[in-house]
Amino acid sequence: MPAYPDNDDAERTLLARAKAGEIAAFETVLRPHLPMLLAYARAICGDFHRAQDVVQETALVAYRNLDHLFPEADFASWLKAIARRQALAARRQDVRLSAWTDEALEAAYADPTPGAVAPEREALAGCLEKLDEQAGRIVRGHYFDGAKLSALAESLRLNLNTVKTVLHRARLSLQECVERRLRTERAG
Amino acid sequence: MNAATCQDVELLLATVGHESPDGEEQRRADEHLAECPACRRRAESFYRQDRALAELAAVRLAESLAERIVRQLQSPAVRKPTMPWKRYGAVWVVAACLLLAVSLVALRRSTPGEADMVRLERFLGEVVQVGADDAPLASGALLPPGTTLQTIGDESLAVLSFADGTRLELGADTKVVLAETDAATGKRVVLEEGYLSADVVKQPNGRPMLLATPHAELVVLGTRFQLAGGSAVTYVETDEGLVQVTRKSDGRSVAVGRGFETSVSDRGELSATSVLTEWLFPRANYMSFGSACFLSDGRSIVAAPFHAGDVRAWQVADKQPLWSLSAHRKRTVAVTVSPDGRTLATASLDGTVKLWDVATRKLRTELEIGSPWIADLAFSAGGTALAVMAGEEGDEHRKVTVWDVAKRAPRFAPWQTPVQRWAFDAAGARLATYDRIAKRVRLWNLADGALVGEYRSPVGNNVFSMAFAHDGLSLAFDGSSGLVTICDPAGGRVLRQFERRGGRIFGMTFSHDGRTLATGHQDGTVRLWDVDTLRQTAATRGPASTHAGALAFSSDDQLLLTREVRLPPHVSRNTAVHVCDVPATTPFNP
């Protein structure tokens, strides 16, 4: 994997090369943002697989419109804005974003840079191992494999509400674990 | 209906963005959130956690997604961005180029244009152009229509790309013909044998891409799918879009949409079935480990890391390390445990095999094998002899030597004919081998080296994998026919047979109760099959371009050990060993 530009100057240089048509430069500057874009797209359109299509389309739109990215603009925010439009267009009819959940979503992505939730991600990687078997299956199946909760319920021979409850408890448990780990790191 | 409580809203937030609440639920939640700042803060924290979880999961996807994006951007249909001041100046240049191009077309009419060529983007292992003296090829080579291409060897792979961005990834031992096309027809590819996965961009109306195998013809407008062509069966699984599959023998057709698969042979029912199945969940993953086996308790494993000579053991349930053993100076390539569970054998690139006491990890015996390329080990029933399969670097053929453990010397080595595949039976009494040159399956008695059976391969000229059942009464084969075949080991009489899915098998194993066969495939899937009904009961899937192998069931058949190898295989991070829970359910019947 090519090294990510670790400063704004490097990113600007890559973007300039991408604007000149260098696809490899565009891929290098885009790649670190892909996890955020995938997570964001999934949160809006409500579908694991559709989110990948959304991000692919976002990349294409971004590449075609690099001329419109001014040097002083923030590339991550620009990508996120494109992804939002694509994801809203792609979301299932039955997935709604209320004003309050939309506000909470945007607050979580207020900083769209790749490192914004890196500490939580690192802590989560360890905390996931601490979940009990059933909770671990549900969390991994839902987030890592993109399985719908209804499909997980069927495969685990559980009621859907039970799966949601297990997921809820697992997420609370993960929150506590992450907070403990982050506190320990800050104290250390 | 009562107003939502904080608890109601929190339960909703736990699944927000992935599961849709009904209208009434959403309305109640919105009313509550409007009045409850605490719940609004909880909503932010749930979304932030959701972001962290989803990003953690997406890291795995990002690489393949980036590759797809690059391919799409490389398509001629995608206009490159240009600086504004260049756009007008380019108009005159384009006009001049058009004039030049028209002139060139007249001169080049008799030769294929670059748009008709297929590029060999990259490859691993050996890839040849058949008919051109089997000349090896280089990355970036342009292949004209009419080219026949073949990948050779277990670790071979070739990625082909068309001018419109359509991409084919050819698996191991795969032969394709890039057929001639004209203005009226779309792209045509013939899969003579082997496996490919395809990512086909949307094709022009009236010019779909056509693929053919010995048994079927496929019409593709724009989709992602996998195709395996054996001498007896064609297998198709669609990841995106739709593939129309027509059986050559009778012209019957079936449409295979996203999430569906079909197997086509000359006879029998033709239908598309859902690939939905019960999922195997890896409960433990050991990255950068190559060889592994269960210890006799069935709840712990011992594994050799890819890059080192040590050997490590873990408790599977909680991944607690049990012990570590500095076994060899160089990389440990194979591990196995004796039938009584007391002795661990480790083989290394340093050319030695060492036998250890499992309980104390003390070294008992060291054998100088004389070759660093040791592929496999197996104890005899009583543990007094050790069969060692070894060969030359880069040669998939091996020779067997049976060593007397007490004397530290070869007991006998009568079988110097190289073998391509082999299987030891669980009781440690017999060895089955496949000689690809002679095209013979042979059964040997490990105690005295006697040949006790010989017959033709039941699965075609190429045998990909073999495995004994634990009772020794059946031997399973996978090969170029595409039919997984279970035979009587002594005489080769076919007992059961079913159509393989997911590409060729890189490792398979029977459960101890004989009811389940686990198979690891070229497409990265590991599948469980009920031996009685021959139906798939569960599956798991690894990343793209992964070969999977099913290694062993635990002694109680509740756990399955599998191996995953991404190409190229000689990189530490590209190998992993997994332990999966085996579902304790009746077969899933879609």
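**How do you know? Chains A and B**

Reader: Why is the meeting of B:Asp581 and A:Arg137 called a salt bridge?

Author: First, keep in mind that this is a predicted model. The side chains of B:Asp581 and A:Arg137 come to 3.6 Å, N to O. The cut-off is 4 Å between a side-chain nitrogen of Lys or Arg and a carboxyl oxygen of Asp or Glu, so the name applies.

Reader: How many salt bridges are there between chain B and chain A?

Author: The count is 5. Polar contacts between chain B and chain A come to 15 residue pairs, with both residues at pLDDT 80 or more.

Reader: What makes up the side of chain B that touches chain A?

Author: The elements giving two or more residues are α1 (6-13), α2 (23-35) and α3 (37-74) of chain B. The largest share comes from α3(B), with 31 residues. Sorted by class, that side of chain B has 30 nonpolar, 12 polar and 22 charged residues.

Reader: How do you know that chain B and chain A are in contact, and how many residues take part?

Author: Heavy atoms within 4.5 Å count as a contact. By that rule, 64 residues of chain B touch 76 residues of chain A. The two chains bury about 6,600 Å² between them, and 61% of that is on carbon and sulfur atoms.

Reader: Why is the pair B:Phe498 and B:Trp529 called tilted?

Author: Check the distance, then the angle. The centres are 4.6 Å apart, and the limit for a pair is 6.5 Å. The planes make 40°; under 30 degrees would be stacked and over 60 edge-to-face, so what remains is tilted. A search of the whole structure finds 4 aromatic pairs over all chains.

Reader: What does the pair of B:Phe498 and B:Trp529 tie together?

Author: B:Phe498 sits in strand β37 (residues 494-499) of chain B and B:Trp529 in strand β40 (residues 525-530), so the pair links parts 31 residues apart in sequence.

Reader: Are B:Phe498 and B:Trp529 buried or exposed?

Author: Both are buried, and that word takes a relative accessible area under 20%.

Reader: What is chain A built from, helices or strands?

Author: Chain A has 10 helices and 0 strands. Read along the sequence, its pattern is α-α-α-α-α-α-α-α-α-α.

Reader: How much of chain A counts as buried?

Author: Of its 188 residues, 54% do. As for contacts in chain A between residues at least 6 apart in sequence, 67% join residues at least 24 apart.

How values were computed
Residues numbered from 1 in each chain as written. Chains lettered and ligands numbered in written order. Predicted model: local features only at pLDDT ≥ 70, side-chain atom pairs only at ≥ 80, totals over all residues. Heavy atoms only, no water. Buried area = accessible area lost by both parts, 1.4 Å probe. Polar contact = N/O pair within 3.5 Å; in protein donor to acceptor, adjacent residues only side chain to side chain. Helix = DSSP H or I, 4+ residues; strand = E, 2+ residues; numbered from the N terminus. Nonpolar A, V, L, I, M, F, W, Y, C, P; charged D, E, K, R; others polar. Phe/Tyr/Trp six-rings, centres within 6.5 Å; stacked < 30°, edge-to-face > 60°. Buried < 20%, exposed > 50% of the residue type's maximum accessible area, 1.4 Å probe, protein only.
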